[in-house]
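Student: Could you take me through the salt bridges, one by one, and show me where they sit?

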Amino acid sequence: MAATTVPLLLLLAATVAAAADLSVYHNVHPQSASPLESIIALARDDDARLLFLSSKAASAGAASAPVASGQTPPSYVVRAGLGSPAQPMLLALDTSADATWAHCSPCGTCPASSLFVPANSSSYAPLPCSSSMCPILQGQPCPDRDPFDSAAPLPSCAFSKPFADASFQAALASDWLHLGKDSIPNYAFGCVGSVSGPTSNLPKQGLLGLGRGPMALLSQVGNMYSGVFSYCLPSYKSYYFSGSLRLGAAGQPRAARYTPMLRNPHRSSLYYVNVTGLSVGRSPVKVPAGSFAFDPSTGAGTVVDSGTVITRWTAPVYAALREEFRRHVAAPSGYTSLGAFDTCFNTDEVAAGGAPAVTIHMDGGVDLALPMENTLIHSSATPLACLAMAEAPQNVNSVVNVVANLQQQNLRVVFDVANSRVGFARESCN
């Protein structure tokens, strides 16, 4: 049910100097000029992403930090540097992965147009298989020490990870990571040296792990960023402007409203929040009891994720949301399906303002009223619009709700790990 607190006013975020502020860009621009068709194309790989999110359970007491998240690159990238001197890199933002990784030279099978060259960095160092990071990446086990030379160094940590129809072979290494004006020494990352299998679906850039595990950015930098980062993601309709990744407590929006961050020990990378209900317009969505319940043993609950395109709700939640949304719109000719969307209607038949806002209610009195551009996607070619949410695929993920990047666009989303909370404030970053 909807919270009885005053609705969240999504105010412009304060623009104060931050510890590090990096521009965020779209990974690729969709070829279609129509926002609706563009989103449908981008969301085709969401099933693989959802499979990744719903299958991250590790054995009790174990950590999991895959070198690559999902089977498709996240939609947003930042410019960074790696090595000494710094070699420019594009790294995809991923709040659901811990490990940072880069394509490294020599690699004749890597799809990247530019590779990080370890030989050109004076500070590059491969990490041995005895490193505490190696088991986290499920690296190959260390061999027994040479009985004739106990002082002989152990080999470097090597590991492989599946990705789509291919797999990465990589080495665990450390080097300087440069983010904006900040430089971080001895940053552990995966250096991809070869790829086997087809590479058509592999990302052409590296990845910046922003999850919650021991290899993630906040874990590796200690108190440098006070356990806080945020981002504002530009709309998919924005071609000439960028959002930002803000690292550190300074400059985070004072107007942000916070909800508690939940922790699942079996999916330790993910940012869970407790959703208490949905509203369409002023009407609460009537979902079955327990539909939003957080359950670490099954992974059930709601995750805030930067890499999924379209927000997905479990079957009973989405069915109730769709029914309430259609009741408000009352499209005379009914509704059609297009791609992942099943609630598309003729906008010529619906009066302006006939499409109601969707509000996500969370613990802590956070009522996140989504702007219309985050709720409804229009076609520029036809008088058609679609509810920009969908049901979680039953064959992929039946228990996890995912608040995706389309619904986060033009919001400042704050991940305050130090205080176990997630915040939201309105900010135009187009």
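Tutor: Start with R412 and E427, whose side chains meet in a salt bridge at 2.9 Å, N to O (the term needs a side-chain nitrogen of Lys or Arg within 4 Å of a carboxyl oxygen of Asp or Glu). R412 belongs to strand β26 (residues 411-416) and E427 to the segment after β27 (421-426), so the bridge ties together parts that are 15 residues apart in sequence. Strands (E, at least two residues) and helices (H or I, at least four) are DSSP runs, numbered from the N terminus. R412 and E427 are both buried, meaning under 20% relative accessible area, while exposed is over 50% and partly exposed lies in between (1.4 Å probe, protein chains only).

Keep in mind that this is a predicted model: local features need pLDDT of at least 70, side-chain atom pairs count only at pLDDT 80 or more, and totals for chains, interfaces and linings use all residues. Residues are numbered from 1 along each chain as its sequence is written, and side-chain values use heavy atoms, with hydrogens and water left out.

Searching the whole structure turns up five salt bridges. One of them joins R246 to D21, with the closest N and O atoms 3.2 Å apart. Since R246 is in strand β11 (residues 243-247) and D21 in strand β1 (residues 20-26), this pair ties together parts that are 225 residues apart in sequence. R246 is buried at 6% relative accessible area, whereas D21, at 39%, counts as partly exposed.

Next, look at R322 and D342, which make a salt bridge of 2.6 Å, N to O. They link distant parts of the chain, R322 in helix α5 and D342 in strand β19, 20 residues apart. R322 is partly exposed at 22% relative accessibility, but D342 is buried at 19%.

Now for the surroundings of that pair. Helix α5 (residues 315-329) lies across β19, β22 and β23 (384-387), running at about 5 degrees to β19; contact here means heavy atoms within 4.5 Å, and axes are lines fitted to C-alpha atoms (for helices over the stretch in contact), with angles from 0 to 180 degrees between N-to-C directions. The strands form an open, antiparallel sheet of four in the order β18-β19-β23-β22, where pairing takes at least two DSSP bridges between strands. β18 (336-338) and β22 (376-378) stand at the edges with a single partner strand each, so one side of each has no neighbour in the sheet. From one strand to the next, the twist averages 40 degrees. Finally, β18 and β19 (residues 341-346) pair antiparallel over two bridges, and L338 has F341 as its bridge partner in β19.
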